[in-house]
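Please open the structure in a viewer and keep the selection tool at hand.

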Amino acid sequence: MADASNVRHDTIVVAERMSPAQVRALAEQKAQAQIGDDDMVAFLHLHGSRPVGGEYGTEVEWRYSYQVIPPGGAATDTAG
């Protein structure tokens, strides 16, 4: 089983018109920017979204989680 301390949770706010694939790509970029240069983001899962007000129209906030894999570490999918 994966070390729970390696699982992180975050949110990202995007335009309502973005597809889940586009949201996933942006979330992966945001997650990678928040971890060490040698670490890797693995098993990113989108958990759902909710509408939020936006300056330029409707935006949505997506919740997501991902596992951080240290250099040489093994990835273990913790999704059920």
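Begin by selecting residues 20–34, which form helix α1 in this predicted model. The helix has 15 residues, and the distance from its first C-alpha to its last is 21 Å, close to the 21 Å expected at 1.5 Å a residue.

Within α1, next select V23, A27 and A31, the buried residues of the helix. They lie on the same side of α1, because they cover an arc of only 70° around the axis. Then turn to the other side of α1, where A21, Q29 and A33 are exposed.

The next stop concerns the salt bridges, of which the structure holds 2. Select D10 and K30, whose side chains meet in a salt bridge at 3.5 Å, N to O. D10 belongs to strand β1 and K30 to helix α1, so this pair ties together parts that are 20 residues apart in sequence. K30 is partly exposed, its relative accessible area being 28%.

Finally, select E61 and R50, which form a salt bridge with their closest N and O atoms 2.9 Å apart. Here the pair ties together parts that are 11 residues apart in sequence, because E61 lies in strand β3 and R50 in strand β2.

Terms used:
Residues are numbered from 1 along each chain as its sequence is written. This is a predicted model: local features need pLDDT of at least 70, side-chain atom pairs count only at pLDDT 80 or more; totals for chains, interfaces and linings use all residues. Side-chain values use heavy atoms; hydrogens and water are left out. Helices (H or I, at least four residues) and strands (E, at least two) are DSSP runs, numbered from the N terminus. The expected span of a helix is 1.5 Å times one less than its number of residues. Buried means under 20% relative accessible area, exposed over 50%, partly exposed in between (1.4 Å probe, protein chains only). The arc is that of the directions from the helix axis to the C-beta atoms. A salt bridge is a side-chain nitrogen of Lys or Arg within 4 Å of a carboxyl oxygen of Asp or Glu.
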